[in-house]
Every structure is written in C-alpha cells, then in structure tokens.
Amino acid sequence: MLKWDDIGFPVQACRSTAQGRYLLADDSGYVCDALSVKSDSRCCPQKGSQFSCQGCNLISQCCNSYEFCVSCCLNPVKTHKELAVLVKIAKAETAGAYNTVFDFCAGRCRHNSESV
C-alpha cells in the first residue's frame, strides 16, 4: 500500500498486527519487535527472514506466536490468494469473505496460535 508524504512523494505503508505486546508482523511477512517498527509506515525493517515459521509446527499448523503464525501464513507458497479470499469469515449465508491474504492470515492465526 502507498501513502503520500507531506511533499507528495510516495511512502510505503504496511498493515501490521497489533495483538502482541512485543512483536508485530507486517503484511509483507516480516516480524519485528514493536520498538523497531517504522513509525511513518508501520512496516518492519526488511531484515531477517521473510515469511518466518519460527515456533510453528507445520504439521499441526499451530504456532506458539501469533506474529510468526501470520508471517508464515503470508508465504504465497503456503497460502494462495485466490483461495484465501474465498474463505467465509462466519458460517452464516450472509457472512463476508476476507479482502486480503493478510486479513485471512490474521483471522486464521487468532484461532490457531498458542498466544491467544
């Protein structure tokens, strides 16, 4: 996502998780501590592993950290956008669907990580 700075130049803006106390995962699949997130963009520095599955059991698909669950889920090899946006948020016929893979992963991981 792009937003514009005060003089009209594009600045990258990220969506990020806000559930954890110390860690954040951004919509690019990076995890960082809350103190190192870029204040202007809400993006994590692009260092370390992108789409990290640290602390995740890939067989049970359960992670001990919400943020690493989201990062792992964002890997396009693991989660296909075409399928993720078709998943219904609730079981009712009137339920909506996820708009983005980030929304899908954030919702899925709220229910599939030991951190909740």
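The lining of the largest pocket in this predicted model comprises seven nonpolar, three polar and two charged residues. The pocket holds about 190 Å³ of space. Its lining residues are C56, N57, L58, Q61, C62, C63, C69, C72, C73, K78, T79 and R108. The largest share, three residues, comes from α1.

Disulfides were examined next. A disulfide is a covalent bond between the sulfur atoms of two cysteines. The count comes to six. With bonded cysteines counted along the chain, the pattern is 1-3, 2-4, 5-9, 6-7, 8-12, 10-11. C62 takes part in no disulfide; the nearest cysteine sulfur belongs to C63 and is 6.6 Å away. C62 has a relative accessible area of 26%, so this residue counts as partly exposed.

Two of the pocket-lining cysteines, C72 and C73, are bonded to cysteines elsewhere in the chain. C72 is joined to C53, with an S to S distance of 2.0 Å. The link of C53 and C72 is right-handed, with 80° about the S-S bond. C53 lies in the loop between β4 and β5, whereas C72 lies in helix α1, and the two are 19 residues apart. C72 counts as buried because its relative accessibility is 6%.

C73 pairs with C105, their sulfur atoms 2.1 Å apart. This link is left-handed, at -75° about the S-S bond.

The angle about the S-S bond is 95°, and the link of C14 and C43 is right-handed. C14 belongs to the loop between β2 and β3, and C43 to the loop between β4 (31–33) and β5; 29 residues separate them. C14 is buried at 9% relative accessibility. C43 is also buried, with a relative accessible area of 4%.

The structure holds one salt bridge. The side chains of D103 and R15 meet there, at 2.6 Å from N to O. The pair links distant parts of the chain, 88 residues apart: D103 is in helix α3 (residues 101–111), and R15 is in the loop between β2 (10–12) and β3 (23–25). D103 has 19% relative accessibility and therefore counts as buried, given that buried means under 20%. R15, at 31% relative accessibility, counts as partly exposed.

How values were computed:
Residues are numbered from 1 along each chain as its sequence is written. This is a predicted model: local features need pLDDT of at least 70, side-chain atom pairs count only at pLDDT 80 or more; totals for chains, interfaces and linings use all residues. Side-chain values use heavy atoms; hydrogens and water are left out. On a 1 Å grid over the protein atoms alone, a cavity is a set of points where a 1.4 Å probe fits but cannot get out, and a pocket is an open set with protein on both sides within 12 Å along at least five of seven lines; lining residues have an atom within 4 Å of a point. Grid points are joined across faces, edges and corners, and a volume is the space filled by probe spheres set on the points. Helices (H or I, at least four residues) and strands (E, at least two) are DSSP runs, numbered from the N terminus. Ala, Val, Leu, Ile, Met, Phe, Trp, Tyr, Cys and Pro count as nonpolar, Asp, Glu, Lys and Arg as charged, and the others, Gly among them, as polar. A salt bridge is a side-chain nitrogen of Lys or Arg within 4 Å of a carboxyl oxygen of Asp or Glu. Buried means under 20% relative accessible area, exposed over 50%, partly exposed in between (1.4 Å probe, protein chains only). A disulfide is a pair of cysteine sulfur atoms within 2.5 Å.
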